[in-house]
Amino acid sequence: MSCNGIRAGIVYASITGNTRELAEIIADGFRKHKIEPAFCHAGSFPAWQLGELDLLAVVTYTWGNGEIPSEMKPVYEAIASQAPKQLITGAAGSGDSFYPAYCGAVDKFRDLLFVHTQLAVTLKVELMPQESDRERCQRFTDILVNRCLASAAT
Ligand SMILES: Cc1cc2nc3c(=O)[nH]c(=O)nc-3n(C[C@H](O)[C@H](O)[C@H](O)COP(=O)(O)O)c2cc1C
């Protein structure tokens, strides 16, 4: 929850820690707006809470050849079947540009969120977020929060 009433959530999956670090930086970005996000690993994602959020950041690594990791698949299914159309969303992730489908899972979530929600922003980070990525992460959260405030005003 937050002092400006925005209910934000972050759902993430991570094996070696890069994506978890990215999700934590995004969480800090929300805190700069005085928003305390619900922070949740994909394995314990409460799909029923989708209807109680104003905005959701999906933060994923990429597996296989541009694939969504298996622990994120229930999140994908839940969004496809239960996300309210007015939910404001962003897709972010860590990948490795060595692979042809760089951050392919981010692209797949982007396409899903575009169809089922109000997709506002995407972000791809190479492996572990660096100091130079922090500004990009802050922009990611700023865009989500500003979109949310704008839609509340209409
Ligand atoms: C078997 C395997 C397949 C991968 N496939 C891709 C891929 O297709 N595209 C990509 O951008 N990164 C790919 N990656 C890289 C990971 O997404 C990247 O290392 C990421 O930072 C891991 O996040 P984590 O530290 O949160 O687990 C792959 C990594 C492994 C081990």
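Q: Helices (H or I, at least four residues) and strands (E, at least two) are DSSP runs, numbered from the N terminus. With that settled, where is K34 found?

A: This is a predicted model. In it, K34 is found in the loop that runs between α1 and β2 (38-41).

Q: Is K34 buried or exposed?

A: K34 counts as exposed, because its relative accessibility is 58% and the cut-off for exposed is over 50%.

Q: What about the backbone there? What is phi of K34 near?

A: Phi of K34 is near 60°. That is a positive value in a residue other than glycine.

Q: And how far apart are the C-alpha atoms of K34 and N4?

A: They are separated by 7.6 Å. Along the chain, K34 and N4 are 30 residues apart.

Q: Next one, L127. Where is L127 found?

A: L127 is in the loop between β5 (118-126) and α4 (134-153). Phi of L127 is also a positive value in a residue other than glycine, near 50°.

Q: How many residues surround the ligand, and which are the closest?

A: There are 20 residues around the ligand. S14, I15, T16, T19 and S94 are the closest.

Q: What does the shell divide into, by residue type?

A: The shell has 8 nonpolar, 11 polar and 1 charged. As for elements, α1 (18-31) and β4 (88-95) each supply at least two residues of that shell.

Q: Which polar backbone atoms does the ligand reach?

A: Those of G17, G64 and C103 are among them. An oxygen atom of the ligand lies 3.1 Å from a polar backbone atom of G17. A nitrogen atom of the ligand is 2.8 Å from one of G64. A backbone N or O atom of C103 is 2.7 Å from a ligand oxygen atom.

Q: How much of the ligand's accessible area does the protein cover?

A: On its own, the ligand has 650 Å² of accessible area, and the protein covers 83% of that.

Q: Back to S14. Where does S14 lie?

A: In the loop between β1 (8-12) and α1.

Q: Buried or exposed, and why?

A: S14 counts as buried, because its relative accessibility is 17% and buried means under 20%.

Q: Which backbone nitrogens does the S14 side chain contact?

A: Those of G17 and R20 are among them. A polar atom of the S14 side chain is 3.1 Å from the backbone nitrogen of G17. The S14 side chain also reaches the backbone nitrogen of R20, at 3.3 Å.

Definitions and conventions:
Residues numbered from 1 in each chain as written. Predicted model: local features only at pLDDT ≥ 70, side-chain atom pairs only at ≥ 80, totals over all residues. Heavy atoms only, no water. Near = heavy atom within 4 Å. Polar contact = N/O pair within 3.5 Å; in protein donor to acceptor, adjacent residues only side chain to side chain. Areas by Shrake-Rupley, 256 points an atom, 1.4 Å probe, with all protein chains shown as cover. Nonpolar A, V, L, I, M, F, W, Y, C, P; charged D, E, K, R; others polar. Buried < 20%, exposed > 50% of the residue type's maximum accessible area, 1.4 Å probe, protein only.
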